[in-house]
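Open the model in your viewer and keep the selection tool at hand. We will go from stop to stop.

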Amino acid sequence: MKQKKLYWNICCVTALLLCVITFTPLVIPQGVSNPKLGGVPYSLWTSFIIAVLLVVLTFIGTRVHPGMHKEEEEL
Amino acid sequence: MIFWVWVFGIIYAGLLVFASLKSYKKGRTSEEFMMAGSNVGLTLGVLTFAAALFSTFTFLGMPDFFRINGVGAWIFLAVSDGAMVFFLLWFGYHIRMKVKGMEFRGVSGLIGRCYQNKWAGYVFFLSAFLFLIPYVGIQIQGIAIFMDAAFPGSLPTWGWSAGIVLIMLIYSEIGGLKAIIFSDAIQGLLLLAVIWIIGWYCLSHFGGIGPMFDRVGEIQEELLSTPGPQGLLTPQFLLASLIAILMIPVTQPQFTTRIVVMKSMKTMQLMAVSLGAFAILVILPTIFIGMYGVDLYQEAGRDEFFANAFLYDQPNAVAALAIIGLIAAGLSTTNAQIFALGSELRGLLGGSENSIMTRTKIGIFVFSVIAFFFSIIVIDQLVLLARVSFAGTGIMGPMIILGILSNRKVSSAIIYISLLGLVLFLMSLGGWIPSMYFGIRLDLLLFIILGIVALVSHLTGEKPQLIKEESLKH
């Protein structure tokens, strides 16, 4: 249980970090569209990766959330 | 095209009739009518949440938003949705634990009980009413404009709007929330299929993703980066939008209801993951449609772009599918929103069960009529109005999260401060007060202030008294 809580907290911090860096010049440098990846502008491919990572984190979250099975156990 | 509209229209209408009859049950309880018996499985859960979230706003609004503001629109919606599904996992757990063992009668009723103060419910209901009705109105208007373009001169725009409202009312009256959930499932699949068919066509126009962005760069380089040619997509705008979208499962009652009516915690968590994947799949082709619009219809108005990209440039069967898909998208979302308002009203009413149900149904009718009038008078960009709707209801987020999460007896001050925040936000929308303070947007400022107030309220709240075992013995 303790380990699950740790993993869940890591997921939360990672999700928060991903959201924060999205709004920095690391992902959205103003007026800059290079370097492109496969012709896709910089901000689009970086933010695409972030969106996918957030969904992956959600999936991991379903596995490690410490209280997720509480409802079923109590029923 | 008319032939195909009839073919797809009859299939869609048949599915709707089947779904409403399947959901209709004589002598059903109000719980079955309003909450679908709180027994929704994974597939239906994903599709109903997705259909309520992705509607005319995504189908028409996002391509237009990409066309005008460029690639930063992806962050505005897709990254925000990614964060929202993670947040949904966290919030979904807490709200389901909170309502366990009690009858859920909407967020208004729940929050009133949490604070033991009816004003909390009234303030939430007010925000939901004020910000959902115009949003419903503009979606109805979107469909009406589209229908007018498909069948010019056959009906006035308001006639299409009235028809949509009428179908929505009859449908929800017969089948209740369960019928709405079934129609959402049909719409969710239809939306995904149609948006990809049209998106693929638009991508083929360029011959690939690379050539598409090369061409767009030649036309207007600013579309390939933030803040976009209009200067709208600044980090601050995107951050405030992310917070507003994060708050959707908390403050938009149609979504909160869907979290609660899921069969189990496990289906709710899987729904969150699938919704995230669905969001990426649905938003991706809207980039292609938007970029197509940049190439061919950059100078055109909104309605002209919609009519050309979705109808006139498509093969007849695809154009017909787009019409039916759009009707389905608009119907299910507006239905969900109006029905959720009815559900919220139900949570605030007292009296016998029969009288509550009658007054709730009258409420749903009144909300639909008001939404119809809004559909005639509202003129705005779909996406921006949707964002205002998310931000407006989002102001209530800290109050609701505090009420649900805090195990302490917290002060009611946040209820009145949230009401004040709502009034200030409305005044800024009306242009009576500025929308920027110290270089910060008012909505972002309100989220920050209310978040701090919620935290302080929790920390200064009275801790629950624990009765010691020893004192019980004496």
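This is a predicted model: local features need pLDDT of at least 70, side-chain atom pairs count only at pLDDT 80 or more; totals for chains, interfaces and linings use all residues.

**Stop 1: the core**

Select B:Trp74 and B:Ala83. The largest nonpolar core has 181 residues, and these two touch the most other members. Now colour helix H8 of chain B, residues 157-206. H8 supplies the largest share of this core, 19 residues.

Go back to B:Ala83. Which residues does B:Ala83 touch, leaving out those up to four places away in sequence? From chain A, show A:Ala15, A:Cys19 and A:Leu54. From chain B, show B:Leu242 and B:Leu246.

**Stop 2: two packed helices**

Packed helices are described by the angle between their axes and by the distance between those axes. Select helix H3, residues 42-53, and helix H13, residues 265-297. Their axes are 9 Å apart, at an angle of about 50°. The crossing is right-handed.

Next, show the side chains where they meet. H3(B) brings B:Leu42, B:Gly45, B:Val46, B:Phe49 and B:Ala50. H13(B) brings B:Thr267, B:Leu270, B:Met271, B:Ser274, B:Leu275 and B:Phe278. What classes of residue make up this contact? Eight are nonpolar, three are polar and none is charged.

**Stop 3**

Now look at the backbone. Most peptide bonds are trans, and most residues other than glycine have a negative phi. The next selections depart from that.

Select A:Asn34 and A:Pro35. The peptide bond between them is cis, with omega near 0°. A:Pro35 lies in the loop between helices H1 (2-22) and H2 (42-64) of chain A.

Move to chain B and pick B:Thr226 and B:Pro227. They too are joined by a cis peptide bond, with omega about 5°. B:Pro227 sits in the loop between helices H9 (209-219) and H10 (235-246).

**Stop 4: two positive phi angles**

Select B:Gln116. It is not a glycine, yet its phi is positive, about 50°. Find it in the loop between helices H6 (106-115) and H7 (118-150) of chain B. Is B:Gln116 buried or exposed? It has 10 other C-beta atoms within 10 Å, so it is exposed; the cut-off is 12 or fewer.

Finish at B:Phe438. Its phi is also positive, about 50°, and it is not a glycine. Its loop runs between strands E1 (436-437) and E2 (440-441) of chain B. With 5 other C-beta atoms within 10 Å, B:Phe438 is exposed.

How values were computed
Residues are numbered from 1 along each chain as its sequence is written. Chains are lettered from A and ligands numbered from 1 in the order in which they are written. Axes are lines fitted to C-alpha atoms, for helices over the stretch in contact, and angles run from 0 to 180 degrees between N-to-C directions. Helices (H or I, at least four residues) and strands (E, at least two) are DSSP runs, numbered from the N terminus. A crossing is left-handed if the near helix is turned anticlockwise from the far one by less than a right angle, and right-handed if clockwise. Two residues are in contact if their C-beta atoms, placed from the backbone, lie within 7 Å. Ala, Val, Leu, Ile, Met, Phe, Trp, Tyr, Cys and Pro count as nonpolar, Asp, Glu, Lys and Arg as charged, and the others, Gly among them, as polar. A residue is buried if 20 or more other C-beta atoms lie within 10 Å of its own, exposed if 12 or fewer, and partly exposed in between; C-beta atoms are placed from the backbone. A nonpolar core is a set of buried Ala, Val, Leu, Ile, Met, Phe, Trp, Tyr and Cys residues joined through C-beta atoms within 7 Å.
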